[in-house]
Amino acid sequence: MGVDGKALVLGGGGVTGVAWEIGLLHGLAERGVDLTDAGLFVGTSAGSSVAAQVLSGVPLKDLFDAQLADATGELSARIGPGVILGFAVAGLWPGDPAKGRAWLGRRALRTRTIPEAQRREVIARRIGDGAWPAVRLRIAAVEAETGAVRIFDADSGVSLVDAVAASCAVPLVWPPVTIGGVRYVDGGVRSVANVDLADGSRRVAVLAPTTRSPRRDGRPDVQLKSLGADVRGVVVSPDAAAVRAIGANVLDPARRRPAAEAGYAQAATEADRLREIWT
């Protein structure tokens, strides 16, 4: 359980999801709502990167400024129709959900992408190569072969960079990440935010760049309710202006700056309802 039962859940959403979440966190902190004082962080995909950066000790203002930097020359990718269809098929798989995740994971293992080492270098540059933070952090990933869910934390014996890289390994786009001989894909294959991993917390703030899920029980709002009637929680997702700023391709670094600025601006309209549960 977090400090005063507080948990900050950071969902997946690509490069623009990272930018929007950091912009929102910075804007909220400037308005007196510092969500980073949570005692538990839950990170999925982009959200795992944000959590690692926030907990590194770098000030939010500096993280925000980094999102505004020129993105020329950065590695870009696209989540095309095939990726979207793959997530939908896996999520709607009848019976055991792990079988659907494994179907998508095995497709990812057969897909040619950039080298795994190159992708890891990108993650290391983004979050640094430091140790796990003192604050409790849970990062979700999925075993590609079996579809089993793996939750990495400071006690898992896995480096923080490897955990984040695994959680960010979008199947069919980025290479599965090898840890201890097991290959992993994106934690978003299980759920876009994995809000249920904040179980035991009494106050839960969820920043979810996307809330769409093929399965109802994978939606952030449904998972938040499943934590119990006594849990006070809020789910924040991009408003109309942020959706326009993010654009159609969440893996396009050129959309990072507008996404960060949109998150920062959205903080003005979200601060009061988050303050009500947080402070």
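Biologist: Where does Arg31 lie?
Modeller: Arg31 lies over the face of Tyr264, 5.9 Å from the ring centre. For a charge over a ring, CZ of Arg or NZ of Lys must be within 6 Å of the ring centre and within 35 degrees of the ring normal.

Biologist: And what does the charged end of Arg119 sit over?
Modeller: The ring of Trp174, 4.3 Å from its centre.

Biologist: Before we go on, what are the ground rules?
Modeller: The model is predicted, so to speak with care: local features need pLDDT of at least 70, side-chain atom pairs count only at pLDDT 80 or more, and totals for chains, interfaces and linings use all residues. Residues are numbered from 1 along each chain as its sequence is written, and side-chain values use heavy atoms, with hydrogens and water left out.

Biologist: OK, aromatics. How many aromatic pairs are there?
Modeller: Three, counting Phe, Tyr and Trp rings (six-membered ring for Trp) with centres within 6.5 Å; planes under 30 degrees apart are stacked, over 60 edge-to-face, the rest tilted. Phe152 and Tyr184 make an edge-to-face one, 5.4 Å centre to centre with 70 degrees between the planes.

Biologist: What does that pair tie together?
Modeller: Phe152 is in strand β4 (residues 149–152) and Tyr184 in strand β6 (residues 182–186), so the pair links parts 32 residues apart in sequence. Strands here are DSSP E runs of at least two residues, and helices are H or I runs of at least four, numbered from the N terminus.
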